[in-house]
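Please read the points below alongside the model. They are grouped by region and can be checked one at a time.

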Amino acid sequence: MKIFAYGIREDEQAALREWMSNHPEVEVDFTDKLLDPETAKLAEGADAVDVYQQLSYTPETLTALHELGINKMSLRNVGTDNIDFETARRFDFSISNVAVYSPNAIAEHAAIQGARVLRQTKALDNKIANHDLRWAPTIGREVRMQTFGIIGTGHIGRVLIDILKGFGAKIVAYDVYRNPELEAEGIYVDTLDELYAQADAISLHVPSLPENYHMISAESIAKMKDDVVLINVSRGDLMDIDAVIDGLNSGKIFGLAMDVYENEVGLFNSDWSGKEFPDAKIADLIARDNVLVTPHTAFYTTKAVYEMVTQSMDASLAFIKGEETPNQVKY
């Protein structure tokens with residue numbers, strides 16, 4: 001049995017070597033290169049590949065694997081929107097993801113960044129760096145006095161609600177699939193419009209699906225309270241970033257914390273030091289005192305990385321053995 005792993009970062013190697021030590025019967029090879037039609041040939045002789053979502057798995061990429069006799073792919077991440085499922089279906093690919101690796105990692109990031117926007121820490125840090133130690137006008141808002149609107153109450157949204165309760169914040173939530181415990185607490189609203197009308201801060205925790213595309217738009221922003229704070233640690237295409245920039249410019253939006261960006265592929269996880277960003281919008285957002293941009297790092301903790309490597313390799317082994325895995329993607 002052989003598994004070939006792509007895009008293995010230095011911080012993933014300890015977890016991978018531990019897995020290899022625990023499974024001496026499996027031959028494992030890996031590279032720091034990402035999977036594409038050209039690098040696919042590195043997996044020759046493997047029974048399965050383990051990959052990370054930074055490139056699209058196009059018909060060409062999947063065809064290259066198919067021609068090597070490989071139709072088992074395990075992702076070390078949640079998102080599957082970069083996979084050409086039509087081609088995967090034609091070649092009978094078995095695909096898995098890591099749906100739950102550490103909800104706390106992402107929920108903590110949302111809470112921390114949201115609180116930082118409310119307390120205007122970026123503007124204050126910039127003032128202090130310039131030796132300006134005056135208080136005004138950089139006045140903060142207390143988290144406990146805000147109503148947080150949580151859109152999506154799955155694993156991550158549920159943890160975030162618990163964190164925000166610790167601050168003393170009021171919670172309203174919306175989800176097509178309601179959590180019975182939260183339902184009993186009476187925090188759900190029936191429509192997004194109700195949430196928009198009540199929330200001082202809104203945090204998104206829903207997947208990238210056609211029905212969720214640009215759910216944050218000029219129309220929805222108009223329905224929100226003045227000085228609303230937006231938090232997106234889920235998927236970039238949930239937001240129409242042009243509408244969000246307009247809201248920031250007009251003052252309708254008090255601030256934004258974003259860990260994801262619709263055009264992040266080829267932009268995030270790259271070093272742009274001393275170079276001009278190829279995207280003027282991201283440069284504009286990063287320059288703003290009331291916007292916190294992180295490059296898709298909400299997940300990036302030691303615990304999450306360990307789980308992503310371990311669970312994905314477990315799934316690859318299960319595929320090879322013809323066994324079921326709870327992480328298999330149904331498509």
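Is Ile 156 buried, partly exposed or exposed?

1. Ile 156 counts as partly exposed, at 23% relative accessibility; buried stands for under 20% relative accessible area, exposed for over 50% and partly exposed for what lies in between (1.4 Å probe, protein chains only). Ile 156 sits in helix H6 (residues 155-167). Helices (H or I, at least four residues) and strands (E, at least two) are DSSP runs numbered from the N terminus. Leaving aside neighbours within four places in sequence, Ile 156 is in contact with Pro 103, Ile 106, Ala 107 and His 205, where contact means heavy atoms within 4.5 Å. Its C-alpha atom is 9.6 Å from that of Ser 234, 78 residues away along the chain.

2. On the basis of the note: this is a predicted model, in which local features need pLDDT of at least 70 and side-chain atom pairs pLDDT 80 or more, while totals for chains, interfaces and linings use all residues. Residues are numbered from 1 along each chain as its sequence is written, and side-chain values use heavy atoms, with hydrogens and water left out.

3. Helix H1 (residues 13-22) has Ala 15, Leu 16 and Trp 19 as its buried residues. They lie on the same side of H1, because they cover an arc of only 100 degrees around the axis; the arc is that of the directions from the helix axis to the C-beta atoms. An α-helix has 3.6 residues a turn, so residues three or four places apart point the same way. Ala 14 and Ser 21 are exposed on the face turned away from the buried side of H1. The cover over the buried residues includes strand E1 (2-5), strand E2 (27-30) and helix H12 (302-321).

4. Glu 307, in helix H12, is buried, with a relative accessible area of 17%. Apart from neighbours within four places in sequence, Glu 307 is in contact with Val 98, Tyr 101 and Ser 312.

5. The loop between H5 and E6 holds Thr 138, which is buried at a relative accessible area of 14%. The side chains of Thr 138 and Lys 127 make a polar contact (3.0 Å); such a contact is a pair of N or O atoms within 3.5 Å, and within protein one must be able to donate a hydrogen and the other to accept it, residues adjacent in sequence counting only if both atoms are side-chain atoms. Leu 133, in the loop between helix H5 (121-129) and strand E6 (147-151), is exposed, with a relative accessible area of 65%.

6. A search of the whole structure finds 21 salt bridges, each a side-chain nitrogen of Lys or Arg within 4 Å of a carboxyl oxygen of Asp or Glu. One of them joins Lys 165 and Glu 185, with the closest N and O atoms 2.7 Å apart. This pair links distant parts of the chain, Lys 165 being in helix H6 and Glu 185 in helix H7 (residues 180-185), 20 residues apart. Lys 165 is partly exposed at 35%, and Glu 185 is partly exposed at 39%.

7. Asp 284 and Arg 288 form a salt bridge, the closest N and O atoms being 3.1 Å apart. Asp 284 is partly exposed, with a relative accessible area of 30%, whereas Arg 288 counts as buried at 16%. Arg 9, Asp 11, Glu 12, Asp 50 and Arg 76 are linked in a network of salt bridges.
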